[in-house]
Amino acid sequence: MLAVGLTGCTDSFLDITPETSLSSVTFFKTQSDFEQAVNACYVPLRTIYNDRSWLLSEQHSDNTYYARNTAFGATEQQEDLADFSIPVSNGLTTNTHVLNQYRQDYLIIARANQILALIDKADFDATAKANLKGQAQFMRGFAYFELYRYFNKAPLQLTPVTTREAAAAKMGTAADLEKIITDDLTGAAANLKPKSTQEAGRATSGAAKTVLANLYIIQKKWAEAEKLMKEVVAEGNYSLIPDYNNVFSTSTTNKNNAESVFEVQFQEGSNGYNGTFMYNFLPRPMTETELKTLSGTSNPQPQTGEGNNIPTPDVIAAYEAGDLRKDASIGYITCATTLWEGKTYPIIKKFMKTHSLNGNHGMNWPVYRYSEVLLFLAEALNEQGKTAEAATYLNMVRKRAGLDNTTATSQADFRTALMKERRVELAFENKRWHDLVRTDTYKAVITARGEAIKKDPFSYYYQRGYTLRSNSFSVIEKYYPMPADEAALNPNIK
């Protein structure tokens with residue numbers, strides 16, 4: 001199974017030799033071998049973005065919430081993330097989603113390590129080798145960046161694990177992870193092809209620079225971030241799509257478009273490359289007739305259980321009057337059988353596209369878009385006191401949204417305006433929690449959110465007479481605790 005290049009790719013890109021017949025001795029000899037190994041590095045991205053990034057990032061913020069169904073149980077794993085009540089003991093948690101995020105990132109790292117340990121010694125075309133090495137560097141750097149943002153520490157695995165003892169790697173600090181990420185993404189930026197010549201869906205030099213700039217912005221290395229983002233702009237390979245409605249892919253079209261810097265590839269069908277995140281984001285219960293108005297499938301099925309990632313009143317109110325992104329991002333659906341008396345829920349419209357198969361779609365997930373490059377550049381410039389120049393890039397994003405130029409002229413006012421712009425431009429794309437963390441506003445924002453829900457649970461999709469669990473909003477921490485199951489395997493995890 002592959003995560004990228006599913007549209008217009010060659011057969012060799014889709015074929016992976018069964019793992020049971022491979023070893024590092026018999027494999028990793030030819031260009032084709034390394035192509036298959038690199039393809040495997042992308043695979044976990046589908047699981048990460050389909051199943052849990054939105055739980056750990058978006059629903060773990062003030063942007064989305066769950067639609068509580070009191071007739072359905074066993075939902076505490078995701079509720080704990082949304083309610084900031086995950087169980088923690090000695091810096092460890094048993095939350096399943098935290099564990100699985102950690103494991104998927106290390107699956108990417110393990111696969112990239114195998115490639116990077118052997119590729120320099122292989123004998124095949126130098127240009128192809130550099131591009132494949134760059135993709136492995138990108139994927140490892142990206143996975144460590146995920147661990148850095150979620151945990152701020154992680155075990156250091158930079159070589160293939162050949163013994164059980166070697167699997168218990170020492171814990172790396174935030175500084176250790178920053179060095180790995182910087183080294184890998186700098187190497188990737190040098191080795192990868194630009195978007196204009198890279199196979200669609202694969203990592204590019206522009207994508208590597210964008211992730212690295214994201215790290216620099218967290219580190220407040222503003223000049224370094226400015227330099228990288230100006231290089232991406234100067235490439236001329238990216239542009240804003242005039243209509244925000246057309247930014248996000250359908251199951252079959254508009255993938256890896258002019259605005260896409262990096263996106264996770266999905267393909268509708270029976271081959272196992274499909275996504276289900278649209279269905280994960282639906283309020284429930286929902287009848288098949290109601291679902292068909294969103295999916296357009298010929299065989300819709302009733303949706304049961306509890307809904308997740310439902311836009312909050314807070315994010316809906318964050319849009320300015322006349323912002324074209326609001327109607328493109330947020331829609332509404334009336335669920336006649338829901339127990340919630342409000343009946344009509346907001347939904348994430350930007351990820352609601354018609355397709356053919358029930359519970360099976362091929363919409364790609366946007367990880368980085370060109371609009372974020374422009375907002376990164378605006379932020380980096382403003383933090384260096386170049387507010388007038390920064391406004392040029394912020395206003396490009398606002399103009400596409402049908403809004404007037406920003407009125408912010410001071411550095412402080414522009415900083416506030418920029419973060420508001422990021423919230424609505426990148427709504428539901430798993431950015432909000434990380435923005436709250438890096439600006440150190442998470443505690444105040446989430447505390448206020450908890451108080452608002454407790455005061456008026458009905459407006460946050462609770463039935464009348466019901467309220468939050470007693471432990472809700474009791475664990476508002478900057479980073480996630482490490483997974484307990486992994487600590488049982490590695491004594492260095494504490």
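The model is a predicted one, so local features were kept at pLDDT of at least 70 and side-chain atom pairs at pLDDT 80 or more, while totals for chains, interfaces and linings use all residues. Residue numbers start from 1 along each chain as its sequence is written, and side-chain values rest on heavy atoms, with hydrogens and water left out.

The chain splits into domain 1, made of 28–204 plus 476–493, and domain 2, covering 276–360; these bounds come from an automatic or database domain assignment. Taken over C-alpha atoms, the two centres sit 29 Å apart. Contact (heavy atoms within 4.5 Å) involves 19 residues of domain 1 and 19 residues of domain 2.

Interface size is often quoted as the accessible area lost when the parts come together. Here the buried area (accessible area, 1.4 Å probe, that two parts lose on being put together, summed over both) comes to about 1500 Å² between domain 1 and domain 2, with carbon and sulfur atoms giving 50% of it. On the domain 1 side, Asn50, Trp54 and Ala67 put in 37% of what that domain buries against domain 2, more than any other three residues.

Arg68 pairs with Glu306 in a salt bridge whose closest N and O atoms are 3.0 Å apart. Polar contacts (N or O atoms within 3.5 Å, one able to donate a hydrogen and the other to accept it within protein, with residues adjacent in sequence counting only if both atoms are side-chain atoms) link 14 residue pairs across the two domains, both partners at pLDDT 80 or more. The elements α2 (31–58), β1 (64–67) and α3 (76–82) each bring at least two residues to the side of domain 1 that touches domain 2. Helices (H or I, at least four residues) and strands (E, at least two) are DSSP runs, numbered from the N terminus.

Two backbone details turn up in loops. The peptide bond from Arg284 to Pro285 is cis, with omega near -5°, and Pro285 falls in the loop between α10 (277–280) and α11 (288–295). Asp440, a residue other than glycine, has a positive phi near 55°; its place is the loop between α17 (432–438) and α18 (442–455).

How values were computed: A salt bridge is a side-chain nitrogen of Lys or Arg within 4 Å of a carboxyl oxygen of Asp or Glu.
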